[in-house]
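Good morning, and thank you for joining this group meeting. I would ask you to keep the structure in view while I go through its strands, its helices and the surroundings of its ligand.

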Amino acid sequence: MSVTSGKVALRAEGVSLGYERRLIIEGLSIDIAPGAVTAIIGPNGCGKSTLLRGLGRLLKPSAGEVQLDGKPIGSISTRQVATRLSILPQNPSAPAGLTVSDLVSRGRHPRQRWYQQFSRADESVIREALEATDIADLAEVPIEELSGGQQQRAWISMVLAQQSEILLLDEPTTYLDLAHQVEVLQLVSRLNRELGRTIVMVLHDISLAARYADHMVAMKGGRIVASGTPAEVVTEEHLLEIFGLEASVVTEPMAGRPHVIPLTTG
Ligand SMILES: Nc1ncnc2c1ncn2[C@@H]1O[C@H](COP(=O)(O)OP(=O)(O)OP(=O)(O)O)[C@@H](O)[C@H]1O
Ligand SMILES: [Mg+2]
């Protein structure tokens with residue numbers, strides 16, 4: 001299990017986050033449960049990616065504070081943050097010509113020193129990361145020549161190669177066919193169970209989120225409107241309130257998790 005068990009590894013306290021002209025999130029507080037899988041859901045534009053960027057230090061709060069291991073994240077060196085936490089942005093972009101293996105190797109950079117070549121251990125971490133997402137055979141292909149789903153898997157491999165304790169994943173299943181969506185979520189779940197990794201992921205598929213998350217956070221208009229277990233968050237009332245969606249929530253028989261069936265009219 002994670003060395004941070006029992007403590008809050010990542011916390012936002014009264015954070016306001018936004019962009020030059022507009023504040024998106026105001027005075028939001030959240031504790032990320034260590035060693036758990038947290039899924040953030042909510043409609044397009046509600047601030048999920050903005051919150052994740054704030055938690056991952058890609059965006060500086062205009063008020064409040066994000067803390068990593070009890071310290072203001074802004075006071076920790078970039079290299080140190082990168083060994084504790086990795087973030088998969090929603091629309092990552094790679095320089096032209098960069099191959100899959102170049103990209104995944106970059107995940108090792110925070111752990112290397114200028115005098116150090118790639119070690120055998122680095123090589124094996126990279127190979128395992130490529131195999132975990134099923135793209136080892138594409139290692140020498142430039143990123144821009146991959147399909148959307150293959151690119152997504154290459155980015156996930158880079159995050160895996162970082163071997164950090166906390167993974168912030170913004171829609172890790174976009175572009176993936178259903179089998180690969182399930183594969184990625186099972187991989188995430190395995191990292192959590194076997195290595196005690198703390199996972200925070202933004203997902204649009206609420207039923208899949210409910211299936212794989214220990215904890216769910218629902219956002220609307222830059223605010224957290226519900227948080228708790230999947231059964232507490234995924235209710236017909238919340239779906240109507242958060243998405244304006246009329247749906248029936250049933251319990252799926254295998255894992256006993258809530259499953260959303262949207263109701264159609266007309
Ligand atoms: N770089 C930016 N500059 C200015 N405004 C931005 C920027 N990124 C996002 N926004 C605005 O912030 C708001 C929240 O965006 P955010 O990307 O956090 O939403 P989201 O919940 O992740 O949505 P989605 O489900 O579509 O990914 C939106 O209104 C968006 O227009
Ligand atoms: Mg987003």
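Strand E1, residues 10-19, pairs with E2 in the antiparallel sense over 7 bridges. Helices (H or I, at least four residues) and strands (E, at least two) are DSSP runs, numbered from the N terminus, and two strands count as paired if DSSP finds at least two bridges between them. Within this pair, Tyr19 stands opposite Arg22 in E2.

Please bear in mind that this is a predicted model, in which local features need pLDDT of at least 70 and side-chain atom pairs count only at pLDDT 80 or more, while totals for chains, interfaces and linings use all residues. Residues are numbered from 1 along each chain as its sequence is written, chains are lettered from A and ligands numbered from 1 in the order in which they are written, and side-chain values use heavy atoms, with hydrogens and water left out.

E1 and E2 belong to an open sheet of 4 strands, ordered E2-E1-E4-E5 with antiparallel pairing. Strand E2 (22-32) and strand E5 (71-72) stand at the edges with a single partner strand each, so one side of each has no neighbour in the sheet. Helix H1, residues 48-55, lies across E1, E2 and strand E4 (63-68), and runs at about 120 degrees to E1. Contact here means heavy atoms within 4.5 Å; axes are lines fitted to C-alpha atoms, for helices over the stretch in contact, and angles run from 0 to 180 degrees between N-to-C directions.

Which residues come nearest to ligand 1? Of the 15 residues around it, they are Arg22, Gly45, Lys48, Ser49 and Thr50, where a residue is near if one of its heavy atoms lies within 4 Å. An N or O atom in the side chain of Arg22 is 2.8 Å from an oxygen atom of ligand 1, and a backbone N or O atom of Gly45 also lies 2.8 Å from a ligand oxygen atom. For His204, a polar side-chain atom lies 3.1 Å from an oxygen atom of the ligand. The largest share of the shell, 4 residues, comes from H1.

Strand E9, residues 215-220, pairs with E10 in the antiparallel sense over 5 bridges, and Ala218 has Ala226 in E10 as its bridge partner.

Finally, strand E11 (residues 247-251) and strand E12 (residues 258-262) run antiparallel and are joined by 5 bridges. Ala247 stands opposite Pro262 in E12. Their hairpin has 6 residues between the strands, and Gly256 takes a positive phi near 70 degrees there.

Definitions and conventions
Polar contact = N/O pair within 3.5 Å; in protein donor to acceptor, adjacent residues only side chain to side chain.
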